[in-house]
Amino acid sequence: MRILRATLKTCGNATGLVVAIDVLRAFTTSAYAFAAGADQITLVSTIEEAFSLREQKPGLLLMGEVEGQPIDGFDFGNSPSALIDLDLNGQHLVHRSTAGTQGVTRSINANTILASSLCCISATVRYVKKKSPATVTLIETGVFSGGWGDEDVACADMIENLLLDEPYDLNSIIRRVQMSRSGSHYLDPTSSVFPPKDIKCAIAIDHFDFAMVVSRRNGQMVMKTVP
């Protein structure tokens, strides 16, 4: 198995199977939404797309952020901990984020797309191994200039180790998430936008035993869980 890496700038060139990674916080939040009972999540690039989908189907719930900040008119922000006690049974959500959902929507040449974070990492690896692709591209969606994104690189490193049955240092992975530039946002115990509970959700390794697989439906990217 050949394992490649990509960012938002290069993921459009990826073919075959890709795994879009966003630890802080999009695909941790998506996982917690599924755990709260959500049936499916449509991933979009823009705020306008999200509102347009809800106009077409008023029952949809909107979730996401712009540069980490909640969006006026959305039902939820991008906080996984805010979803823990909610009942989203059977709900269809639309998710827009600055990094994670962009990695999915920009992967225009991929045949198979998964979204992942640390809280569902082993299920993701199990799904990839079952597919046994010749090439896997790991998209580190949070990598931007200025030192951003080591939390996603750490997750990609662990996925690669697991795929290749190589050893890894779990404590090191967790520390890298906590000490990443994005991780520093969650140090303020009074923050409502970046609550410290979110990083606890993000480093809850294998908290969920499902993979998140994206399908193209009528031009939309729709994500569901696979055991």
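Asp165 is exposed, with 62% of its area accessible in relative terms (exposed means over 50% relative accessible area, buried under 20%, and partly exposed in between, using a 1.4 Å probe and protein chains only). Asp165 sits in the loop between α5 (150–163) and α6 (170–179), and its phi is near 55°, a positive value in a residue other than glycine. Helices here are DSSP runs of H or I with at least four residues, strands are runs of E with at least two, and both are numbered from the N terminus.

Some ground rules before the tour. This is a predicted model, in which local features need pLDDT of at least 70 and side-chain atom pairs count only at pLDDT 80 or more, while totals for chains, interfaces and linings use all residues. Residues are numbered from 1 along each chain as its sequence is written, and side-chain values use heavy atoms, with hydrogens and water left out.

**The sheet**

- An open sheet of 10 strands runs through the model in the order β1-β8-β2-β7-β9-β10-β3-β6-β4-β5, and its pairing is mixed. Two strands pair if DSSP finds at least two bridges between them.
- At the edges you'll find β1 (2–6) and β5 (69–70), each pairing on one side only.
- Strand β4 (residues 61–66) and strand β6 (residues 92–96) run parallel, joined by four bridges. Look for Met63, which stands opposite His95 in β6.

**Strand β2 and its partners**

- Five of the six residues of β2 are buried, so the strand is largely enclosed by the rest of the structure.
- β2 runs parallel to β7, and six bridges join them. Gly16 has Ala110 as its bridge partner in β7.
- β2 also pairs with β8 in the parallel sense, this time over five bridges. Here Val19 is opposite Leu138 in β8.
- Thr15 lies in the loop between β1 and β2. Leaving aside its neighbours within four places in sequence, Thr15 is in contact (heavy atoms within 4.5 Å) with Asn109, Ala110 and Thr137.
- Thr15 and Val177 are 162 residues apart in sequence, and C-alpha to C-alpha they are 28 Å apart in space.

**Helix α1**

- Helix α1 (residues 26–35) lies across β2 (16–21), β3 (40–44), β4, β6, β7 (110–116), β9 (211–217) and β10 (220–226), and runs at about 155° to β3. For that angle, axes are lines fitted to C-alpha atoms, for helices over the stretch in contact, and angles run from 0 to 180 degrees between N-to-C directions.
- Nine of the 10 residues of α1 are buried, so the helix is largely enclosed by the rest of the structure. Among them are Phe27, Tyr32 and Phe34.
- The peptide bond from Leu24 to Arg25 is cis, with omega near 10°.
- After α1 comes Gly37, with a positive phi near 115°.

- The largest pocket has a volume of about 380 Å³. Of its 19 lining residues, the closest to its centre are Leu24, Glu67, Gly68, Trp148 and Ser182.
- How does it work? On a 1 Å grid over the protein atoms alone, a pocket is an open set of points with protein on both sides within 12 Å along at least five of seven lines, whereas a cavity is a set where a 1.4 Å probe fits but cannot get out; lining residues have an atom within 4 Å of a point. Grid points are joined across faces, edges and corners, and a volume is the space filled by probe spheres set on the points.- The lining of the largest pocket divides into seven nonpolar, six polar and six charged residues. Ala, Val, Leu, Ile, Met, Phe, Trp, Tyr, Cys and Pro count as nonpolar, Asp, Glu, Lys and Arg as charged, and the others, Gly among them, as polar.
- The second largest pocket has a volume of about 160 Å³. Of the 14 residues that line it, Pro70, Phe76, Gly77, Asn78 and Ser79 are the closest to its centre.
- In the lining of the second largest pocket, seven residues are nonpolar, five polar and two charged.

**Two serines**

- Ser132 is in the loop between α4 (121–131) and β8 (135–140). Ser132 has a positive phi of about 50° although it is not a glycine, and at 53% relative accessibility it counts as exposed.
- Ser215 belongs to strand β9 and is partly exposed, at 32% relative accessible area.
- Apart from neighbours within four places in sequence, Ser215 is in contact with Gln220, Met221 and Val222.
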